[in-house]
Amino acid sequence: MGKVVVTGFGLKIPGVLSKHQFKAVLENGICTHELVQTKGKNGIHQMAAGVIIDDFQTINGKNYKRYPRLSRIAMAATDDAIKMAQIIFEKNQRVAVILGTSAGGLRELERNSENFKKYETFPIESVSLGDPHTLSSSVATHIGVKNQSYTLTTGCAASSDAILLGKLLLETGQADVCIVGGADACLGDWISLGFLKLKSIQLDEDILNTGVPFSLKHKGFVMAEGAGILVLERENDAKIRKANILGTIMNGYANNDSLPMYQTDLTGQTMAKALKGAIGNYIPSYVNSQALGLITNDTVEYKAHQSLFGASVPITSIKGMIGHPFGASGAIQVISALISMEYGFIPPTIKTNADGYEDLPIVLETQYQEIKHVAITTHGNGGNNTCLLISRYH
């Protein structure tokens with residue numbers, strides 16, 4: 001059936017609402033984090049986080065105030081992706097919507113449980129807020145398509161898995177266009193207290209001293225909101241309508257650590273298998289890593305990379321710039337790869353001096369070169385490892 005290609009994308013992430021804003025952040029190594037208030041062990045604390053300013057309660061003149069925040073930012077990002085793709089859906093065209101999320105509407109559930117104690121004031125949208133599938137169904141309704149709609153909840157690998165499923169549906173002829181990606185907007189006390197208990201985040205830290213990828217001198221990651229959406233088509237279909245093809249989804253591979261809750265395969269072998277399965281015989285120009293500042297997470301990335309490439313392939317992480325948007329991460333990493341291929345540079349890994357990872361070929365300053373292939377690594381709570389290979393279109 002030919003290649004599966006990307007013809008459009010949209011994203012809403014901290015400090016970034018458009019492609020050109022994202023390019024500026026990536027190329028110049030800009031940290032978009034800010035300090036917000038959250039609950040902690042000793043009352044109210046400061047937490048570094050990635051926050052999207054716009055509330056997107058009104059999109060294209062429609063009121064979406066009652067929808068979960070992650071659905072609203074996903075709808076706004078989808079509009080941008082469709083506009084970039086310059087695609088108009090035809091009556092008999094099978095358009096599938098496949099989106100991933102890690103926490104669903106947890107943010108709204110938390111706030112409603114605190115503010116609504118009586119039946120009379122309890123929100124009528126409570127059931128939809130608690131249903132993760134509201135994400136994909138909302139996007140499908142917003143763009144007016146009535147075909148397949150799936151929501152994947154495979155943790156921080158969810159949007160990577162959505163891209164894999166979209167690729168499969170196109171290759172097997174079950175869909176003609178796939179709107180894929182993911183969204184999360186779960187910043188709140190529930191999630192921050194949970195990660196604080198796990199010692200995964202640090203409170204009352206300077207923004208530049210937390211969420212530091214590949215550093216044994218720092219601890220914790222920076223939680224962020226975000227949505228990343230891609231329009232996928234078969235190459236022949238895209239060429240027939242003379243679409244601008246942005247890149248190719250060459251391959252992907254997913255597996256699971258199969259370990260008890262909160263444990264990770266620290267040997268890196270399971271991740272290495274997923275990464276090798278994704279790249280096959282290709283040598284990527286660089287690896288766009290999920291490394292986010294958690295020592296266990298970054299150690300897995302380190303060991304997998306060393307076992308496959310040693311010092312021969314550069315590696316970078318964009319998490320020091322935008323934070324970690326959970327289930328949206330993979331799609332946003334793919335979008336960053338598409339931008340780096342178009343403009344010919346590897347984004348830097350900011351904040352870090354590579355303390356403890358000195359033998360890893362980390363890109364610490366923007367590196368200008370031709371980019372042909374980019375490997376994407378993601379892994380999520382529950383043990384899922386999903387890797388992708390994105391290539392420049394010829």
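**Cores, a buried strand and a helix crossing**

The largest nonpolar core holds 46 residues, and F22, I163, C178, L230 and L232 have the most contacts inside it; a nonpolar core here is a set of buried Ala, Val, Leu, Ile, Met, Phe, Trp, Tyr and Cys residues joined through side-chain atoms within 4.5 Å. Helix α12 supplies the largest share of this core, eight residues. The model is predicted, with local features requiring pLDDT of at least 70 and side-chain atom pairs counted only at pLDDT 80 or more, while totals for chains, interfaces and linings use all residues. Residues are numbered from 1 along each chain as its sequence is written, and side-chain values use heavy atoms, with hydrogens and water left out.

**Cores**

- Leaving aside residues up to four places away in sequence, L232 touches V4, V5, V6, I163, G166, K167, L170, V177, C178, V180 and I249, where contact means heavy atoms within 4.5 Å.
- Another core, of 29 residues, lies apart from the largest one and includes Y64, V139, A183 and V231.

**Strand β17**

- Eight of the eight residues of strand β17 (residues 384-391) are buried, so this strand is largely enclosed by the rest of the structure; buried means under 20% relative accessible area, exposed over 50% and partly exposed in between (1.4 Å probe, protein chains only).
- From β17, N384, T386, L388 and I390 point one way, N385, C387, L389 and S391 point the other way, and all are buried.
- Strand β11 (residues 247-256) runs antiparallel to β17 and is joined to it by eight bridges, with I249 having I390 as its bridge partner in β17; strands count as paired if DSSP finds at least two bridges between them.
- Strand β16 (residues 373-379) also pairs with β17 in the antiparallel sense, over seven bridges, and T377 stands opposite C387.
- The hairpin formed by β16 and β17 has four residues between the strands, and G382 in the turn has a positive phi of about 105 degrees.

**Helices**

- Helix α1 (residues 19-28) and helix α12 (residues 329-343) have axes that come within 10 Å and cross at roughly 80 degrees, which makes α1 roughly perpendicular to α12; angles of 65 to 115 degrees count as roughly perpendicular, under 35 as roughly parallel, over 145 as roughly antiparallel and the rest as oblique.
- K19, H20, F22, K23 and L26 of α1 make this contact with I332, I335, S336, I339, E342 and Y343 of α12.
- In helix α7 (residues 189-197) the buried residues are D189, I191, S192 and F195, and just after α7, K199 takes a positive phi of about 60 degrees.

Terms used:
Axes are lines fitted to C-alpha atoms, for helices over the stretch in contact, and angles run from 0 to 180 degrees between N-to-C directions. Helices (H or I, at least four residues) and strands (E, at least two) are DSSP runs, numbered from the N terminus.
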